Each structure stands twice: as C-alpha cells, then as structure tokens.
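The following exercises are to be worked with the sequence and the coordinates at hand.

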Amino acid sequence: MVRGMALLLLFQFLGEVISRGTGWPIPGNVLGMVLLLIALARRWVKVEWIEEAAEFLLANLALFFVPAGVGVMMYFDLIAGEWLPIILATFISTFVVMAVTGKIADRLEPENKDGP
Amino acid sequence: MISGLLQTPLFGVGLTLLVYALAQWLYRRTHKILLNPVLVSIAAIILILLSCGIPYQDYAQGGDLVLFLLGPSVVALALPLYQRRRDILKRKKSIFVGIAAGAVASIVSASGLAYLLGGSRLVVLSLAPKSVTTPIAISIVEKIGGLAPLTAALVVLTGCLGAVCGPEFCRKLGIRSPVATGLAVGTASHGIGTARMLEVDRLAGAAAGLAIGLNGLMTTFLVPCLFVFFQ
C-alpha cells in the first residue's frame, strides 16, 4: 500500500514537473497517468506494486470530490446570476454527447458491420 | 474551545467521511439513483455549514486533505486502462472515434450554448470540461482559468443526469450495442454514469469505465486547442 501510494505520488510529481516546466496547459496528474501507462506497458513498473493503492483510490473516487462540490457554496451569487445559461448548457450538452458518441460507436461496432 | 476545534482538519475530514458514509448507506437501502451519494453529501454538508454559520474556510482545512487524494487517483486511472488494453485495441476504431467525437461535442455544445445564452467568460470556461471525471476536470479548469468549484458541481450534475436518463435515452435513439451505450454514458457522465451502466450490463460498464480515462485524456488535450479560437 505504502509503496503503491509512493509510486503514484512520484508519477504525479513527474507529471507536475513536466507540466510546469513546459508550460503546457495539461494538468500534471494527467501527464502522470500517461507516464504510468507507459511505465506499465514497458514493464518498468509491475502491476502488483501499485495495484493495492490504485484500487483503494479508484474504489473511493466518488468520496474525494465531495469537498470540491461543497466549494460551490462560495459561488452561489454567481450561479444565481447566471443560472439559465449554466443549467440549459449543462442539460442539453449532456444529451448531445450521449447521442453523438452512442450513434457513432454503434455504427462502427465490429459486430454491427452489416447491420442497419 | 469548541470553535477552535472547528478550525482543525479533524472537523472537515470527519464531517466529510461521516456524511458520505451515511449517504452511501441511504443509497444502498433505497437504490434511488437521484439519491446519488456524492450529490446527497455535497448538499448535506452545505446545509450543515450554512445552518450552523460555519465559514467554508473552516471546513476547507480538512476538505482540502480529502481533495488532495484526487491527484494520485487520476494517476491510478492508468491501471484499468492498462488492464483493458486488449479490449481497447480490439475495438479501437469505435472506441476512439466515438469518444473523440463526444469529447469535441461536449466542449463545443456546453461552452458554445453558455456563450450564446449570454454566460460570462468565467461560466463559459468552467463549463468546458464538465463531462470529464472531476479530478481531471478540476485540473483542466484551473489551467484555463475557470472556477473549479463551479465545474465540480456541474460535473456531478452531468454525472447524475447521464446516470438517470442515459440507458433509456440510448434505447430510444435505437442504439442497441452494449459497448456503444456504455461509451455514450461513460463519455457524457464519467464515473457516476459508469456506476449506473455496471448495474445495467457488465460489458457496457467496462466500456463506460474506459470512456472515463480516454475522454479525460482527449478533453485535456482538446480544451486548450479549442479555446485558442475562443479568445
């Protein structure tokens, strides 16, 4: 558990160094994920080393974003002032994405080649 | 003495874990998708803080400690992506094209609609990554200069919306393949949508899980590119 957590934080740190060093607008933790994916594929890092820590974090992922959501109470004024664009854009866009991804993926499915 | 205690991390961490554990218990007992544990916890904690007159800054002493774990969690998403690499490669065309189209559609439709409806620059920027899993969405929005808490709230709302309506919506559109349905709900509604798809169909759930990571990556690269035209 401790080794896995240390490795995950190390990869996050490496990603953070690249993100800040290059000034790319890509978050350090996402770069850390890509670096870890490369390290796993190249077998520099064994799955067993990180499995326990990674599974623990992913199983509780939902909990970690509760404080981020609570922070919205600081911005009630802004939301109250612009609730219409915020709510309409959120609702419509969610259904647009499901339609676009679902329809395209359905067409390209290997099993669906000769289907309608 | 008690008021001093509220300013220690013990309060924020303790309150978050306690409320979340109760919300999880409530969800397991009722199985009402609208009683999503994250949504219920956020609402309950805000209500508690407001009704007791506790400033957000006091809560954040501990809240930030819980939030910190989002960072290594994003890095940990590399594990399921690595484990499902064979499924990814076998269906690479439908997965990559479907998610990429959804990622572009999400950014353009969310930010574009907000812009057309007269939303401020802050709101338009904060909406851009709303279909991506929260840790990645927050990182993106902090990089481009939006409001992280607003994005976090919209990500949760988007997640609940896709989880509640996604499977039925896809059926009405005539999408029959479980992989396509999973990709659609996972791309639009990240982890909360994935949890719902796992209840409906295992293969659809796996596809949705894949979409969380891939959409996160694609949106991370797409948002800065698309917003070049926006400024």
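The model is predicted: local features need pLDDT of at least 70, side-chain atom pairs count only at pLDDT 80 or more, and totals for chains, interfaces and linings use all residues. Residues are numbered from 1 along each chain as its sequence is written, while chains are lettered from A and ligands numbered from 1 in the order in which they are written.

**Exercise 1. Chain A**

Task: Determine the secondary structure of chain A and compare its radius of gyration with the globule rule.

Solution. Step one: helices (H or I, at least four residues) and strands (E, at least two) are DSSP runs, numbered from the N terminus. On this basis chain A holds seven helices and zero strands, in the order α-α-α-α-α-α-α from the N terminus on.

Step two: the radius of gyration is taken over C-alpha atoms, and the globule rule is 2.2 Å times the number of residues to the power 0.38. For the 116 residues of chain A the rule gives 13 Å, whereas the radius of gyration is 20 Å, well over that value, so chain A is more spread out than a compact globule. Its C-alpha trace spans about 55 × 45 × 30 Å along the principal axes.

Step three: a residue is buried if 20 or more other C-beta atoms lie within 10 Å of its own, exposed if 12 or fewer, and partly exposed in between, with C-beta atoms placed from the backbone. Buried residues amount to 45% of the 116 in chain A.

**Exercise 2. The interface**

Solution. Step one: two residues are in contact if their C-beta atoms, placed from the backbone, lie within 7 Å. The contact takes 65 residues from chain A and 92 residues from chain B.

Step two: helix H7(A) supplies the largest share of the side of chain A, 23 residues.

Step three: Ala, Val, Leu, Ile, Met, Phe, Trp, Tyr, Cys and Pro count as nonpolar, Asp, Glu, Lys and Arg as charged, and the others, Gly among them, as polar. The side of chain A then divides into 48 nonpolar, eleven polar and six charged residues.

**Exercise 3. A helix pair in chain B**

Task: Describe how H8(B) and H12(B) pack.

Solution. Step one: axes are lines fitted to C-alpha atoms, for helices over the stretch in contact, and angles run from 0 to 180 degrees between N-to-C directions. Helix H8 (residues 92-116) and helix H12 (residues 178-200) of chain B meet at an angle of about 35°, with axes 10 Å apart.

Step two: H8(B) contributes B:Ser94, B:Ile95, B:Gly98, B:Ile99 and B:Gly102, and H12(B) contributes B:Val179, B:Leu183, B:Thr187 and B:Ala188. These contact residues comprise five nonpolar, four polar and no charged.

**Exercise 4. Two histidines**

Solution. Step one: B:His31 lies in the loop between H2 and H3 of chain B, while B:His190 is placed in helix H12 of chain B.

Step two: B:His31 counts as exposed because it has 8 C-beta neighbours inside 10 Å. B:His190 has 31 such neighbours inside 10 Å and therefore counts as buried.

Step three: although not a glycine, B:His31 has a positive phi of about 55°. B:His190, also not a glycine, has a positive phi of about 40°.
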